[in-house]
Amino acid sequence: LILWRTLGGLGVGAASVIAPAYIAEVAPANVRGRLGSLQQLAIVLGIFAALLNDALLADVAGGAAEMLWFGQEAWRWMFLAEAVPALLYGVFALTIPESPRFLVDAGRAKEAANVLRSYTGIKDTAAKITEIRKSLSRESNESLRDLRGDSLGLKPIVWVGILLAVFQQFVGINVIFYYSTTLWRSVGFPESQALLTSVITSITNVVVTIVAILLVDKVGRRPMLLTGSLGMAVTLATMALAFSQATIVDGEAQLDQPWGAIALVAANGFVVFFGATWGPIMWVMLGEMFPNRIRATAVSVASAFNWLANF
């Protein structure tokens, strides 16, 4: 299980690095923030699909540990279902073009012009290609050495990216993303209702991420991050207070009312603040905050720290 999850993790890790860098390279400046937010929308849609799929399979089998098809437990089919979006991702990846920046660097200016015209709506492709050539002429091949600086060995902007990526995980969102079913069972829901509640929470996450996409280029990144931090602090403190009232029954936490309802509302409030701010905006900022000459390398390092913090 660990071996195959590691292999899958390599694929997910590569996608999480390449996607924001690719979006930043192909997106027109006036919509770059909104398009960068699609990275997080894809993540939360995936979480929603996974939780919905798990709830349906568990419902059909009568429980996650019960036998489903071909003598295999439902939880094994939950893992197998991951192959479907992975295959779709591979197929759709065949249909996207190389970024204009890559094509210009490779001496394929005509192809770059076609991509700029078809995908970004730029009319004066010659001027844009000249601009790309000028930026490329100021750069050399990227490496980790380019990130070196005077602030504890790295450039200050790289530290900002790393800390954004780390704190996006350290806010505690994985309590909800990874352990939501266990969380709701401790509040008093049976397994089937706990799975359904997790689906509802993930729908909330999708909706507020869409709200973030609509707001990010109007409100700005910093105000949204500050608002999200305050909101998450309040809702997490409320959750902590509620669970401090829990009693342990057969090794599991149990919450009596009204603390169960308070924990449920606070958890969903936390998801709202995360999904509307830190969730998508961290990816937007990683895609656009670094100078072109270090963008790919810096995004890779920051994304690696994001997954390390996740672990």
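Modeller: A salt bridge is a side-chain nitrogen of Lys or Arg within 4 Å of a carboxyl oxygen of Asp or Glu. This is a predicted model, where local features need pLDDT of at least 70 and side-chain atom pairs pLDDT 80 or more, while totals for chains, interfaces and linings use all residues. Residues are numbered from 1 along each chain as its sequence is written, and side-chain values use heavy atoms, without hydrogens and water.

Biologist: How many salt bridges does the structure hold?

Modeller: Take one of them: Glu-111 pairs with Arg-108 at 3.0 Å, N to O. In the whole structure, the number of salt bridges is four.

Biologist: Is Glu-111 buried, partly exposed or exposed?

Modeller: Buried means under 20% relative accessible area, exposed over 50%, and partly exposed lies in between (1.4 Å probe, protein chains only). Glu-111 has 37% relative accessibility, so Glu-111 is partly exposed.

Biologist: Which helix holds both Lys-128 and Glu-131?

Modeller: These two form a salt bridge, with their closest N and O atoms 3.4 Å apart. Helices are DSSP runs (H or I, at least four residues), numbered from the N terminus. Lys-128 and Glu-131 are three residues apart, about one turn, in residues 125-137, which is helix 7.

Biologist: How many residues apart in sequence are the parts that Glu-288 and Arg-221 tie together?

Modeller: Their side chains meet in a salt bridge at 2.8 Å, N to O. Glu-288 sits in helix 13 (residues 278-288) and Arg-221 in helix 11 (residues 221-243), so the parts joined are separated in sequence by 67 residues.

Biologist: How many residues does the largest nonpolar core have?

Modeller: A nonpolar core is a set of buried Ala, Val, Leu, Ile, Met, Phe, Trp, Tyr and Cys residues joined through side-chain atoms within 4.5 Å. Leu-147, Phe-274 and Leu-286 are among those with the most contacts inside the largest one. Its residue count is 56.

Biologist: Which residues does Leu-286 contact, leaving aside neighbours within four places in sequence?

Modeller: Contact means heavy atoms within 4.5 Å. Leu-286 then touches Gly-161, Val-299, Ala-302 and Ser-303.

Biologist: Which residues of the second, separate core can you name?

Modeller: This core has nine residues. They include Leu-103, Ala-112, Ile-129 and Leu-136.

Technical notes:
Helix = DSSP H or I, 4+ residues; strand = E, 2+ residues; numbered from the N terminus.
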